[in-house]
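Hi,

Here is the structure I promised to send over. Have a look at it first, and then read on for what turned up.

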Amino acid sequence: MTALTQDPAYNFAYLDEQTKRMIRRAILKAIAVPGYQVPFASREMPMPYGWGTGGVQVTAACLTPDDVLKVIDQGADDTTNAVSIRKFFQRTAGVAATEATADATVIQTRHRIPEVPLHEGQILVYQVPIPEPLRFLEPREAETRKMHELEEYGLMHVKLYEDIARHGQIATSYAYPVKVEGRYVMDPSPIPKFDNPKLGGCPAIQIFGAGREQRIYALPPYTAVVSLDFDDHPFTASKAPHDCDLCGADESYLDEVIIDDAGGRMFVCSDTDFCAGRQTAGHRGRLSPKAAGKGM
Amino acid sequence: MYVAVKGGERAIDNAHAWLAAERRGDPSVPELSVTQIREQLKLAVNRVMAEGSLYDPDLAALAIKQARGDLIEAVFLIRAYRTTLPRFGASQPISTDAMAVDRRVSATFKDLPGGQILGPTFDYTHRLLDFKLAAEGESPTAHTAPADSAPVPHVTEFLNRDGLIETAEPSDTAPPDLTREPMELPADRALRLQAITRGDEGFILSMAYSTQRGYGRTHAFVGELRIGTVSVSMDIPELGFPIEIGEIEVTECETVNQFKGSKTEPPQFTRGYGLVFGQSERKAIAMSLVDRALRWKELGEDSIGAPAQDEEFVLMHCDNIQATGFLEHIKLPHYVDFQSELELVRRLRAEAMAAQEAAE
């Protein structure tokens with residue numbers, strides 16, 4: 001774990017206390033009404049809209065000096081934007097940072113849920129680009145809010161049905177819509193649908209922040225979350241049909257990496273902490289240094 | 001063997017250092033000062049202040065320097081700074097009646113009380129590159145006249161006296177604050193004007209232009225365009241009276257729009273309004289056209305479904321900081337989502353091939 005001293009030029013975690021209070025109110029409302037999108041007065045942050053400003057504001061409102069922060073993007077702790085956001089909070093809040101999922105109290109993520117199961121007391125903060133699951137079916141906010149009010153989700157089911165009619169399956173592979181506690185249809189942010197089963201019954205608090213669209217929504221611990229499907233076309237979580245080439249895991253979500261110009265490729269865990277932990281524990285994959293020589 | 005397409009802290013630090021060197025350019029060329037930008041690139045400074053929603057020419061000039069002349073990036077720097085500033089209170093509404101005008105033109109009347117004042121405008125310049133400017137050392141002078149302290153009444157007031165133009169009813173309701181409350185639709189006119197005045201100049205310009213070409217035509221005349229300085233006053237609770245805290249330069253445009261009447265309103269001229277920080281004529285005129293187009297509902301007009309009449313479309317897409325952030329975020333890694341799409345396309349292709357083979 002690494003901690004830096006907080007930059008005295010800024011309030012703790014950058015935002016002023018009034019703003020944090022406003023965001024905390026929105027978070028509390030979001031937790032009280034799981035899956036409901038709460039409007040909040042999103043602030044301009046020193047990073048661009050679309051780069052995690054919603055998640056950053058939620059994290060800023062949740063952080064206390066004793067927290068241990070983990071930031072991931074695409075499952076990895078060392079992607080550039082994850083590094084940038086982690087540095088921002090180390091500078092403005094002076095909190096400890098970690099890469100170990102189990103050690104973190106607050107985890108800000110983009111596009112993934114960690115492989116290691118979360119536990120009580122943790123907060124998972126998602127960065128959300130488009131919070132409205134109905135947006136690409138109906139572009140108008142005034143309309144979609146009404147549809148949620150009336151629980152009018154027929155359009156979504158028609159879309160999923162049309163997928164099946166055209167492709168034989170539901171052709172949505174990420175940001176796969178879910179229904180929360182039998183009420184609100186919710187966008188889980190662009191996580192791969194592989195991660196959808198981890199949303200429900202999770203012991204951690206999950207908070208979704210959309211800065212540009214000025215919305216916060218949440219899943220309190222142990223919320224019932226169901227991925228939308230049909231009885232004869234049940235939801236399936238999918239991933240590349242391979243094992244990790246570095247740690248041999250067959251149950252984790254994999255990134256495909258092109259390694260030469262002859263079509264050679266390898267598959268590696270997108271969750272870098274999970275993969276590194278397995279390698280430390282002695283697990284080996286097809287292309288691990290020790291196993292080199294086998295395979296390609 | 002496995003080269004991660006993942007940047008680290010070092011890559012970011014190195015990129016920032018390179019960026020700083022690029023910003024400075026050739027060190028044998030003298031460095032630009034912030035005051036040079038403030039004085040000699042004033043219209044850029046004005047745009048950054050208007051879209052940044054912060055009236056501070058020095059900070060705007062600094063932002064332009066730091067942003068290497070990328071004005072949207074400069075607006076972003078100002079917005080991010082502005083949001084950290086404490087609020088001490090709200091000023092009283094400025095009075096553009098009392099403006100010390102540098103420029104004031106009306107397209108609807110040949111002459112009028114207060115006169116037509118051309119002021120510093122590009123309007124009648126011939127757009128010929130002035131190669132003398134490439135040589136150094138010019139310091140042009142302009143003739144000056146003694147300031148005229150006579151009031152400059154608004155043109156629309158002359159029309160209002162005869163009931164020819166709709167009355168703009170004064171209101172004491174506190175306007176909503178776009179920067180402190182989430183945008184709620186439908187928006188009232190005060191909120192719409194607030195969004196448009198900080199909206200992207202190019203976007204507002206194109207929206208206004210589209211109404212002129214028939215997508216929600218509003219038959220606008222520039223009743224009056226005025227540019228000058230106004231004083232800003234604020235009530236100080238301890239004193240019990242307002243005091244002047246400074247002066248700002250603004251551009252105000254009022255359009256007079258032909259209107260044949262509707263089910264609810266008699267035939268009369270209607271208003272479009274634009275007010276922008278600094279000398280920003282193009283933006284102020286465009287703003288007043290878009291304002292008028294968005295008012296179709298309250299005037300009982302029919303919507304023809306034109307983009308400029310669509311409040312949600314205009315207000316949700318006019319902010320260039322939101323737009324550029326979201327547009328450019330697609331260069332962030334998306335390989336998790338892309339991977340899941342790859343799997344899907346491979347699966348769909350395999351099934352389609354199998355079906356084709358079975359058919360043959």
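Predicted model: local features only at pLDDT ≥ 70, side-chain atom pairs only at ≥ 80, totals over all residues.

**Two helices in chain B**

Helix 5 of chain B and helix 11 of chain B pack at an angle of about 110°, and their axes are 10 Å apart. Helix 5 of chain B and helix 11 of chain B are therefore roughly perpendicular to each other. As for handedness, helix 5 of chain B and helix 11 of chain B make a left-handed crossing. If you want to find the spot on screen, look for Ile72(B), Val75(B), Phe76(B) and Arg79(B) on the helix 5 side, which meet Asn320(B), Ile321(B) and Thr324(B) from helix 11 of chain B. The residues in this contact divide into 4 nonpolar, 2 polar and 1 charged.

**The rest of chain B**

Chain B has 12 helices and 4 strands. Its C-alpha trace spans about 85 × 65 × 55 Å along the principal axes, and 31% of its 360 residues count as buried. Of the contacts in chain B with a separation of 6 or more, 65% are between residues 24 or more positions apart.

Strand 4 of chain B pairs with strand 3 of chain B (residues 241–257) in the antiparallel sense, over 8 bridges.

**Where the chains meet**

How many residues of chain B are in contact with chain A? There are 37 of them, and they are in contact with 46 residues of chain A. On the chain B side, the elements giving two or more residues are helix 1 (9–24), helix 5 (71–82), helix 11 (320–328) and helix 12 (335–359) of chain B. Helix 12 of chain B makes the largest contribution there, with 11 residues. By type, the residues on the chain B side that touch chain A divide into 17 nonpolar, 9 polar and 11 charged.

**The sheets of chain A**

Chain A has an open sheet of 7 strands in the order 1-9-8-5-4-2-3, with mixed pairing. Strand 1 (38–39) and strand 3 (96–97) of chain A are at its edges with a single partner strand each, so one side of each has no neighbour in the sheet.

Strand 2 of chain A (residues 68–73) runs parallel to strand 4 of chain A (residues 106–110), and 5 bridges join them. Val71(A) stands opposite Gln108(A) in strand 4 of chain A. Strand 2 of chain A also pairs with strand 3 of chain A, in the parallel sense over 2 bridges, and here Leu69(A) stands opposite Ala97(A). With 5 of its 6 residues buried, strand 2 of chain A is largely enclosed by the rest of the structure.

There is also an open sheet of 3 strands in chain A, with the order 7-6-10 and antiparallel pairing. Its edges are strand 7 (184–186) and strand 10 (225–227) of chain A, each with a single partner strand, so one side of each is left without a neighbour in the sheet. On average, neighbouring strands of this sheet are turned by 30° against each other, direction ignored. Strand 6 (residues 178–180) and strand 7 of chain A share 3 bridges in the antiparallel sense, and Tyr184(A) in strand 7 of chain A is the bridge partner of Val180(A).

Helix 1 of chain A (residues 17–32) lies across strand 1, strand 8 (205–210) and strand 9 (215–219) of chain A, at about 45° to strand 9. Helix 2 of chain A (residues 53–62) packs on the sheet too, touching strand 4, strand 5 (123–127), strand 8 and strand 9 of chain A, and its direction makes about 155° with that of strand 5.

Is helix 2 of chain A mostly covered or mostly exposed? Mostly covered: 10 of its 10 residues are buried, among them Val56(A), Val58(A) and Cys62(A). What covers them includes helix 1, helix 3 (80–93), strand 4, strand 5, strand 8 and strand 9 of chain A.

Cheers

Methods: Residues numbered from 1 in each chain as written. Chains lettered and ligands numbered in written order. Pairing = 2+ DSSP bridges. Contact = placed C-beta atoms within 7 Å. Axes fitted to C-alpha atoms, helices over the stretch in contact; angles between N-to-C directions. Nonpolar A, V, L, I, M, F, W, Y, C, P; charged D, E, K, R; others polar. Buried ≥ 20, exposed ≤ 12 C-beta atoms within 10 Å, placed from the backbone. Parallel < 35°, antiparallel > 145°, perpendicular 65-115°, else oblique. Left-handed = near helix turned anticlockwise from the far one by under 90°.
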